Amino acid sequence: MQIAIINGPNLNLLGLREPEIYGHGTLSDLEALLQEEAGRLHMQLSFFQSNHEGEIVDHIQSLYAHCDGIILNAAAYTHTSIAILDALKAVSIPVVEVHLSDPKQREAFRHQSYIAEVAVKTITGQGFAGYIQALRYFAPAAQ
Ligand code: DQA
């Protein structure tokens, strides 16, 4: 089982960025945590982070026929990017949408998620544990 973890803009600054909202752990901490859990679940992970919408679209396209699931925190692009939504539709890979915080707690213009339109599951407000939950969603039933 091959799972792609994709993190969008400003998530490279985890640990430094508004720690009262996003916590003190860094992106490397998150990736190490996921790698550990993937080992237990016998799953293979790839990691990608970008601050650029087109790079995220390119990366999603490159996953076509190469992975079984996507765990996506599109960050601010969640609320704006029809291009990322279309890329997800195009490759037709199941996607679990994750947010560290609960975006619904934020200002009105950010409430909507384009990703939710295709996501098989959306997990919000659980911090790093939300990514682990997403990984377990894809874990083979026998694990
Ligand atoms: C986020 C929530 C988004 O609203 C925000 O723009 C982010 C991070 C989260 O993980 O809580 O950058 O996706």
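Guide: Happy to! A helix axis here is a line fitted to the C-alpha atoms over the stretch in contact, and the angle between two axes runs from 0 to 180 degrees between N-to-C directions. Keep in mind that this is a predicted model. Now find helix H2, residues 27-41, and helix H5, residues 128-138: they pack at about 30 degrees, with their axes 10 Å apart. Angles under 35 degrees count as roughly parallel, so H2 is roughly parallel to H5. Their crossing is right-handed.

Next, look at the side of H2 that meets H5. From H2 come Asp 29, Leu 30, Leu 33, Leu 34, Glu 37, Ala 38 and Leu 41, and from H5 come Phe 128, Tyr 131, Ile 132, Leu 135 and Arg 136. Sorted by kind, the residues of this contact are 9 nonpolar, 3 charged and no polar.

For a second pair, turn to helix H3, residues 53-62, and helix H4, residues 82-91, which pack at about 5 degrees with axes 9 Å apart. H3 and H4 are therefore roughly parallel to each other. In this contact, Glu 53, Ile 56, Val 57, Ile 60 and Gln 61 of H3 meet Ala 83, Ile 84, Ala 87, Leu 88 and Val 91 of H4. That contact divides into 8 nonpolar residues, 1 polar and 1 charged.

Finally, visit the ligand. Among the 12 residues around the ligand, Asn 73, His 79, His 99, Leu 100 and Ser 101 come nearest. A side-chain N or O atom of Ser 101 is 2.5 Å from a ligand oxygen, and one of Asn 73 is 2.8 Å from a ligand oxygen. Ala 76 uses a backbone N or O atom instead, 3.3 Å from an oxygen atom of the ligand.

Definitions and conventions. Residues are numbered from 1 along each chain as its sequence is written. This is a predicted model: local features need pLDDT of at least 70, side-chain atom pairs count only at pLDDT 80 or more; totals for chains, interfaces and linings use all residues. Side-chain values use heavy atoms; hydrogens and water are left out. Helices (H or I, at least four residues) and strands (E, at least two) are DSSP runs, numbered from the N terminus. Angles under 35 degrees count as roughly parallel, over 145 as roughly antiparallel, 65 to 115 as roughly perpendicular and the rest as oblique. A crossing is left-handed if the near helix is turned anticlockwise from the far one by less than a right angle, and right-handed if clockwise. Contact means heavy atoms within 4.5 Å. Ala, Val, Leu, Ile, Met, Phe, Trp, Tyr, Cys and Pro count as nonpolar, Asp, Glu, Lys and Arg as charged, and the others, Gly among them, as polar. A residue is near a molecule or strand if one of its heavy atoms lies within 4 Å of it. A polar contact is a pair of N or O atoms within 3.5 Å; within protein, one must be able to donate a hydrogen and the other to accept it, and residues adjacent in sequence count only if both atoms are side-chain atoms.
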